[in-house]
Amino acid sequence: MSKFTRRAFLTAATASALTVACNRSPRPQAASKAASKTATRVVALEWVYAENLLALGIQPVGVADIPGYKKYVNVQPSLDESVVDVGTRQEPSLEAIAQLKPDLILGVDLRHQNIYDTLSAIAPTLIFNPYPSAENSNQLDEMQQTFRKIAESVNRQDVGEKVLQQMQTQFHTAATRIKNTQKPDFVLGQFSDNAPQIRLFTDNSMAAQILTAIGLKNAWKGEFDRFGFNTVWVEALPKVETANFIYISAPNSPYKQQLETNPVWQKLQFVQQKRLYAIAPDTWLFGGPLSAQILVDKIIKTLTEEAEGQGAGSRGSKRKSQSR
């Protein structure tokens, strides 16, 4: 019964979307037209594209899964209260999207390619692939290319270039500061919210490429994964115990707490030598230029403050011994 109900809903939603779209444009399915007109009413079906619009100074009219966005994506400016939630990222509401009368829809290949024709019937639709399958792919480059394409679609190319330049400037500044930390080797991990697993980010991931861009070296050499991470547990960590462990974990994560009592974990060099660096859980690793800058800012503060604290401690000890 639930399957029939869902099918009936989708049929009705699609019909409604097509009705609205057909009243607006004789050939709405021509996605290429999105680049020839300045879009002002944009629906983002993936968080990174909502973030990109905000970076360009545009509030989207609709975003998929706004509560999730607000939980994980910590950037400024924030989404306006007027932005409409259009359902989940995986299954957006076609009816809600059509009712917003957008002139551009932004989606992601892995979630929205199968409904591309229907979305295009509502408004010109651009579908991007942030996870290239080639092993030599560069997610950081793809992010910047997509950001430029979106900037072009909303006629904000100048703003877009300034945002990217700010990001590159921050990378350069961070690289200068990193030189003084003497902690080049890292492993970037993310604890799962619902399973005893850790994501370790591979060289092709955007997050690892950002850290590499500021002078760090990724010690995790796992198997290629198009999404940029391998899912492992504690048994995989001895391979990289000489590196520094940078991680993201939800507050009071039961799996992080469980790990702390694990004898394998307790014997790891980066645990015993206290080379663990926690990053706030609202640090989004799959975002755009704003998220990239926040990630770098948090990494630098974590590494340099710890190093400066150690330096201050050693200086204090020296003064104390001299006074004696």
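Let's start with the second largest cavity, which is lined by Glu46, Trp47, Val48, Val108, Pro130, Tyr131, Trp284 and Phe286. By cavity I mean a set of points, on a 1 Å grid over the protein atoms alone, where a 1.4 Å probe fits but cannot get out, and lining residues have an atom within 4 Å of a point. The space in this second largest cavity is about 50 Å³, where a volume is the space filled by probe spheres set on the points, with grid points joined across faces, edges and corners. Its lining has 7 nonpolar residues, no polar ones and 1 charged; Ala, Val, Leu, Ile, Met, Phe, Trp, Tyr, Cys and Pro count as nonpolar, Asp, Glu, Lys and Arg as charged, and the others, Gly among them, as polar.

A quick word on the model: it is predicted, so local features need pLDDT of at least 70 and side-chain atom pairs count only at pLDDT 80 or more, while totals for chains, interfaces and linings use all residues. Residues are numbered from 1 along each chain as its sequence is written, and side-chain values use heavy atoms, with hydrogens and water left out.

Now, the other voids. Which residues lie nearest its centre? Of its 17 lining residues, they are Pro130, Glu142, Met206, Phe286 and Gly287. Helix H2 (47–55), helix H7 (139–153) and H9 each supply at least two lining residues, and H7 gives the largest share, with 4. Helices here are DSSP runs of H or I with at least four residues, strands are runs of E with at least two, and both are numbered from the N terminus. By class, this lining has 11 nonpolar, 5 polar and 1 charged residues.

Because 6 of the 8 residues of helix H9 (residues 206–213) are buried, the helix is largely enclosed by the rest of the structure. Buried means under 20% relative accessible area, exposed over 50%, and partly exposed in between, with a 1.4 Å probe and protein chains only. The buried ones are Met206, Ala207, Ala208, Gln209, Ile210 and Leu211. After H9 comes Gly215, with a positive phi near 105°.

On to the largest pocket, with a volume of about 710 Å³. A pocket is an open set of points with protein on both sides within 12 Å along at least five of seven lines. Of its 27 lining residues, Tyr72, Gln190, Arg199, Trp284 and Phe286 are the closest to the centre. Two or more lining residues come from each of helix H3 (66–72), helix H5 (109–112), strand S6 (185–191) and strand S9 (229–232).

Next, Thr283. This residue is in the loop between strand S11 (276–279) and helix H13 (289–323). Is Thr283 buried or exposed? Its relative accessibility is 2%, so Thr283 counts as buried. The Thr283 side chain reaches the backbone oxygen of Ala280 at 2.7 Å. Beyond neighbours within four places in sequence, Thr283 is in contact (heavy atoms within 4.5 Å) with Tyr72, Ile248, Leu295 and Lys298.

Last, the sheet: 5 strands form an open, parallel arrangement in the order S3-S2-S1-S4-S5. Strand S3 (84–85) and strand S5 (125–128) stand at the edges with a single partner strand each, so one side of each has no neighbour in the sheet.

Definitions and conventions:
A polar contact is a pair of N or O atoms within 3.5 Å; within protein, one must be able to donate a hydrogen and the other to accept it, and residues adjacent in sequence count only if both atoms are side-chain atoms. Two strands pair if DSSP finds at least two bridges between them.
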